[in-house]
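Student: I would like a close look at one part of this protein. Please pick a spot and walk me through it.

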Amino acid sequence: MIGRKRTWRRVVLLGVPSLYILLGLVHPTANPELGDETDLFIWLHIAQLFLIMGLGYVLWLLVEGFTNRAATLARALIIPFLVAYTALDAILGIAWGIAAETANDLPTADQQEAGGLIDELISGDPDPRGLILYWGAGLLWLAVALTVVAALRDTAPLGALVSMAMGAAIFTLGHAPPMGPAGMGLFLFGIAWSEFRPPSAEPLIPAAGA
C-alpha cells in the first residue's frame, strides 16, 4: 500500500509539470489575431482547466504531512491561486480564442472593425483591472510556490530548493514559450531532485559510556 501511494505521488508530481512543459512548448508565442488559426489556442486553454487543478494538487502533495508554518500557509494559498490562475490562464485564454474565431467568421465587411478591436486589446492602453488580475494571479502562484519551498527547507537538498524557487519565479512571467517551459522545467527538476535524492545516512548512536 505504501509503495502504491509513493508511486501515485511521483506520477502526479512529475506528470503534471511535464504536461505543463509540453503545453508550453506547443503554445503559440502570441495571442491569435484576425485571420489566425484559433483551434489549437482554444484547446490548449481548455486543457489548462485541468492542468491548473493538477498543479494545485502537486503543491498540496509537496507539503503533505508537514506541519510547519510555511506548509500551513501554502495550503491556505492553494485555493485562491487556483481561482485566480484559472480565471487568467484558462478562461481568459478560451475567451480570447473564441473572440478571434468569431471575428474570422464575420462577413468580410465587418472583419476590419473586429480586427481593429482585437488590435486595440493587444496594443492599446491596458485595463487596470486586467493588470491587477494578471499580476495578482502570477504573484499568487509565486507566493504559494515559494511557501512550499520554505516548507521543504529542512528536508530537501538546497540545490532542489533553489531550482524550484528559480523555476517558480520564471513561470510567473507566463506559460507561453520560452519562459513557461523553462520555468516549469526548473520547477520539475527541483521536484525530481528532491524525490529521488539518495537517502541520507542515519546518525550514529554513540556507544554507552562514550
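Tutor: Partly exposed sits between two limits: buried is under 20%, and exposed is over 50%. Keep in mind that this is a predicted model.

Where is Asp-36 in the chain? Asp-36 lies in a loop, with α1 (2-26) on one side and α2 (39-62) on the other.

Now move into helix α2, where Gln-48 is found. Is Gln-48 buried or exposed? Gln-48 has a relative accessible area of 0%, so Gln-48 is buried. What does Gln-48 touch, leaving aside neighbours within four places in sequence? Gln-48 is in contact with Tyr-20, Leu-23, Asp-89, Ala-90 and His-175.

Step back to the whole protein. The count is 7 helices and 0 strands. From the N terminus on, the elements read α-α-α-α-α-α-α. The protein has 210 residues, and 39% of them are buried. Gln-48 is one of the buried residues. Next, take contacts between residues at least 6 apart in sequence: 77% of these join residues at least 24 apart.

Key:
Residues numbered from 1 in each chain as written. Predicted model: local features only at pLDDT ≥ 70, side-chain atom pairs only at ≥ 80, totals over all residues. Heavy atoms only, no water. Helix = DSSP H or I, 4+ residues; strand = E, 2+ residues; numbered from the N terminus. Buried < 20%, exposed > 50% of the residue type's maximum accessible area, 1.4 Å probe, protein only. Contact = heavy atoms within 4.5 Å.
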